[in-house]
Amino acid sequence: MKKLTKVTLFILALLMVLPIVASAATPYSTYTYSIDGELLNSPDAYVPDVAIDSATLGLDVKLTAPSDIEADEEGNLYITDAGNNRIVVTDKHYRLKYIIKTFVNNDGVDDTFSSPTSTFVVDSGEMKGLYVCDTFNKRILVFNQDDGSFIREISEPVSELIKTGQYAPIGCVVDKHGRIFVVSNKTTEGIIVLTADGQFINFIGAPKVSVTALEALIQKISPSAADAIVNLPTTYKSIDLDAKTQEFVYATIIFSEEEDQQSQLAQLTTKLTDYSPVKLLNATGVDIMHRNGFFSPAGEVSVELETKTTSANANAPKGVSDIIDITSGPNGVWSIIDTKRSKVYTYDSDGSLLYIFGDKGGQLGNITEARAVTYQGTNLVVLDITKASFTVFRRTEYAEILDEAIYYQGIGEYDIAVEKWEDVLARNNNFDSAYVAIGKSLYRDGKYEEAIKYYKNAYDIENYATAFKDMRKERMELLFIPMIVLIIVAFMLVAKLFGYAAKVNKDAQLVVGRKTFKQEVLYGFHLMFHPFDGYWDLKHEKRGSVRASLAIIAVTIVAFYYQSIGTGYYYNPKGTYMTVIMQILSVLIPLLLFVIANWCFTTLFDGEGSLKDIFIAASYALFPVPAFVVISTILTNVLVGDEGQIATLLVTLAFIWMGFLMILGMQVTHDYSMGKNILTIIMTIVGMVFIMFIALLFISLISKMVALVTTIFSEISYR
């Protein structure tokens, strides 16, 4: 019994400790965004493994303002210790290997760095070596990455295009062809491209110049005056080589001007490249980045640009992300860091957001001020410039499966990729990109209907439209003859209906006195095409009635309700709809406002129509609307994209027809000339606005009176 008690107490203690351990492991949330910008929590993709500082490395002189960290294929890390003018190198287990502080240069003279900013490692080939951007000395130095011995110097390039004093390399990469791409923090013309021996080739990827509307006007009117306006583009902040192709380069920009930041925010959804803070450039400087995700890769999606803060979010970072560094990983995956938020954002080769993690703070896994990031195998290493340390984040099982899904999809093994994506969804059913990826795999296999289901889950209407068109084409080929027969039958039924209505209306002319309900309703078919004599008979021959008017209004309400719930997925992906009550109000309120306002004005201008006549005439004007609304709604279920303009056109025609009938109906009902009728229609619209204003004012007054009475009653009850 005592043994059982001890075991029970041990299990309880373990259960109490486990949540604490789990929460301590990740002092941040991991999340993505849905297609409509809603934050979606997801399982941890990376968890903090260890934080390495100067003491852990066994350094006699502590790291000071470290500016970059780089990893090679073996997992060795190269830390640019800018404050101490040295490069600190560790092995894959974070044990100190060597330090490059001084070296013997090409002239056989002892030399040192002057504020080195970053490094880049070439692991093989003729260009193999550790490249160090020695910023203040305006040069790039190459060392043997095995022992740190000096190899060569790439001096400041000589070219008329490079202005004196503007070359200060802060980042460089070397592609598989031996070209050197250099980012200079004083060069605004773009990224500098050099040959393997350091000869200038050209500039690529010049950033966009911000020009205000006033400046653009001045430049257009007076070119001479425009010369006084200086608009310099911002410079690139970091660069990395695409690990997959070894020839394209990633580059990041931090926009400081408010206009540029507004443009950066706008490109989240427009996916334009001019003000994108992250670019993938080819050798000619063309941005070839795929931006096929829900939002353009730019860091944080939910962004506030306002400077005002509340006590609840006073410490929350404001504005667009400041992308300070980028790193390219396996399978086309790449990550960026936002130094403003100390978060890591990871994307696939299509530009789809995979996950976001990280936060500021003092716990293991928190970064005070992120300065650089690099892939060390599957690990992510983030450099904290404030703490002068780096944190190693280990990839979780969830991220492993996600990476496998991306890998198999990349090599065309779509069946295996679908299985992996299903595993991802089993762990995170909020991951919309997985639904899209499965949909794409099924689409490539020709399984359009199944692909559509997955696209729907992610509200991905663009891919949905593509799959839907192919499915529609496939079905039309199978059902072409039955569809033709169905269309012919539909036209025959419509013709039959109009013929029957014409016969009923003709027989009704011989009926003296009140008509049947059927005759009153079907009279709308005659009135649609013969409005002048139709409205005359409607009033003087009593061809219509209030009960028929109410029936027409009811059918109109049903038609609009069907439009609300029956619109095709592409045009209403979220399935939003109006309730029956709201549909009733949306039809009745405008109609009754028009009737009352028209009656008020026409009684002053000798109108012959009574309130009842106006109501009946206005109600019969609705007659063509239900048919057009229903047909357009049906069409939205077989049309996608711009094809939907056909459905929109039908509804527009219905309202134009209704307006035409309404105008003629009022003219005949009141026996007005066209000019007088148009004038009263305009005054009716003004009257509708006035009545709405009075109604809202009255409702507001009543609500305040109720609130006052409630407050007084509460005070009396309390006392």
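Q: What volume does the largest pocket have?
A: Rolling a probe the size of a water molecule over the atoms shows where empty space is left. On a 1 Å grid over the protein atoms alone, a pocket is an open set of points with protein on both sides within 12 Å along at least five of seven lines, whereas a cavity is a set where a 1.4 Å probe fits but cannot get out. A volume is the space filled by probe spheres set on the points, which are joined across faces, edges and corners. Here the largest pocket comes to about 1,600 Å³. Bear in mind that this is a predicted model: local features need pLDDT of at least 70, side-chain atom pairs count only at pLDDT 80 or more, and totals for chains, interfaces and linings use all residues. Residues are numbered from 1 along each chain as its sequence is written, and side-chain values use heavy atoms, with hydrogens and water left out.

Q: Which residues lie closest to the centre of the largest pocket, and which helix gives the most to its lining?
A: Lining residues have an atom within 4 Å of a point. The largest pocket has 47 of them, and Ala490, Val630, Ile631, Ile634 and Leu635 are the closest to its centre. Helices (H or I, at least four residues) and strands (E, at least two) are DSSP runs, numbered from the N terminus. H10 gives the most to this lining, with 17 residues; helices that supply at least two residues each include H10 (461-508), H16 (625-635) and H17 (645-670).

Q: How many nonpolar, polar and charged residues are in that lining?
A: Ala, Val, Leu, Ile, Met, Phe, Trp, Tyr, Cys and Pro count as nonpolar, Asp, Glu, Lys and Arg as charged, and the others, Gly among them, as polar. The largest pocket has 39 nonpolar, three polar and five charged lining residues.

Q: How many cavities of 30 Å³ or more are there?
A: The count is three. The largest cavity has a volume of about 170 Å³. Its lining holds 21 residues, with Asp68, Ser118, Ser238, Ile239 and Asp325 nearest the centre. Strands E4 (68-71), E10 (116-122) and E18 (236-241) are among the elements that give two or more residues to this lining. By class, the largest cavity is lined by nine nonpolar, six polar and six charged residues.

Q: What about the second largest cavity: which element gives the most to its lining?
A: That is H6, with four residues. The second largest cavity has a volume of about 80 Å³, and its lining includes Tyr46, Tyr355 and Arg395. The classes are nine nonpolar, no polar and two charged residues.
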